[in-house]
Amino acid sequence: MTHVATHPGGRGGEALRLATWLLLPVAVGALSGIVTAGAVGTWYQTIAKPGFTPPDAVFGPVWTTLYLMMGAAAYLATRAARRGAGSRPDARRARALFLLQLALNGAWSLIFFGLRSPGAALVEIMILWGAIAATIAAFAKLSRPAAALLVPYLAWVSYAAALNGAIWWLNR
């Protein structure tokens, strides 16, 4: 290995940081998928769903794309912070909000599919929505591209919240 590849600020260090940020949301998604898989073929098939429910095959590709975009956004925001964008408190707040929304993202699957509780999941997804919006605002102070990468995620969670609400309503 060359000195550049092993230096924390070199290309190798950047590649490792990028890989870490990309893998973190994907890992949360994989864990959520384990919880989801058990209920999708059983309980989820038996509940009433609205007409705007997409086919099950849509969720995997959409979430995989969104998880990768989340990771790329986190990487861009932290890289911008390391390069002096925003204040240290701004960078800490952005990182904390990102991790919070990621934890809430994983928790939703546990509540909706694991506990089979659409009502509790609806409350949780509203909190998740707020955390994503706050993360976008915090990322915007560090990197506009990072913030922009989270906008499709917020849009999808808005749709998911409507779907969750309709499922709760139809099955109450």
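Reader: Which helices each supply at least two residues of the lining of the largest pocket?
Author: That would be α2, α4, α5, α6 and α7. Keep in mind that this is a predicted model.

Reader: What is the volume of that largest pocket, and which residues lie nearest its centre?
Author: Its volume is about 550 Å³. The lining has 25 residues, and T36, F59, W63, W108 and F113 are the ones nearest the centre.

Reader: What makes up that lining, by class?
Author: There are 15 nonpolar, 9 polar and 1 charged residues.

Reader: What about the second largest pocket: which helices each supply at least two residues of its lining?
Author: Here the helices are α4 and α5, and the largest share, 4 residues, comes from α5. The volume is about 200 Å³. Among the lining residues are W21, T78, G84, R88 and R95. By class, the lining has 4 nonpolar, 4 polar and 4 charged residues.

Reader: Okay, on to S32. Why is S32 called buried?
Author: Buried means under 20% relative accessible area. S32 comes in at 6%, so it counts as buried. You'll find S32 in helix α2. Leaving out residues up to four places away in sequence, S32 touches Y67, N105, G106 and S109.

Reader: Let's talk rings. How many aromatic pairs are there?
Author: The count comes to 15 aromatic pairs.

Reader: Why is the pair of W43 and F113 called edge-to-face?
Author: Start with the centres: they are 6.3 Å apart, and rings pair if their centres lie within 6.5 Å. Then take the planes, which are 90 degrees apart; over 60 counts as edge-to-face, so that is the name this pair gets.

Reader: What does the pair of W43 and F113 tie together?
Author: W43 lies in helix α3 and F113 in helix α5, so the pair links parts that are 70 residues apart in sequence. Both W43 and F113 are buried. Ring pairs also join W43 and F113 with Y44, W108 and F112 into a cluster.

Reader: What makes the pair of W156 and Y159 tilted?
Author: The angle between the planes is 50 degrees. Under 30 would be stacked and over 60 edge-to-face, so 50 degrees counts as tilted. The centres are 5.2 Å apart, and the limit for a pair is 6.5 Å.

Reader: How far apart are W156 and Y159 along helix α7?
Author: They are 3 residues apart, so about one helical turn separates them.

Reader: Last topic: the largest nonpolar core. Which residues touch the most other members?
Author: Of the 45 residues in this core, they are W63, M70, F112, I125, F139 and Y153. The elements giving two or more residues to the core are α2, α3, α4, α5, α6 and α7. The largest share, 11 residues, comes from α7.

Reader: Which residues is I125 in contact with, leaving aside its neighbours within four places in sequence?
Author: I125 is in contact with W108, V157, A160, A161 and N164.

Definitions and conventions:
Residues numbered from 1 in each chain as written. Predicted model: local features only at pLDDT ≥ 70, side-chain atom pairs only at ≥ 80, totals over all residues. Heavy atoms only, no water. Core = buried A, V, L, I, M, F, W, Y, C linked by side-chain atoms within 4.5 Å. Buried < 20%, exposed > 50% of the residue type's maximum accessible area, 1.4 Å probe, protein only. Contact = heavy atoms within 4.5 Å. 1 Å grid on protein atoms, 1.4 Å probe; cavity = no way out; pocket = protein on both sides within 12 Å on 5 of 7 lines; lining within 4 Å. Points joined across faces, edges and corners; volume = space filled by probe spheres on them. Nonpolar A, V, L, I, M, F, W, Y, C, P; charged D, E, K, R; others polar. Phe/Tyr/Trp six-rings, centres within 6.5 Å; stacked < 30°, edge-to-face > 60°.
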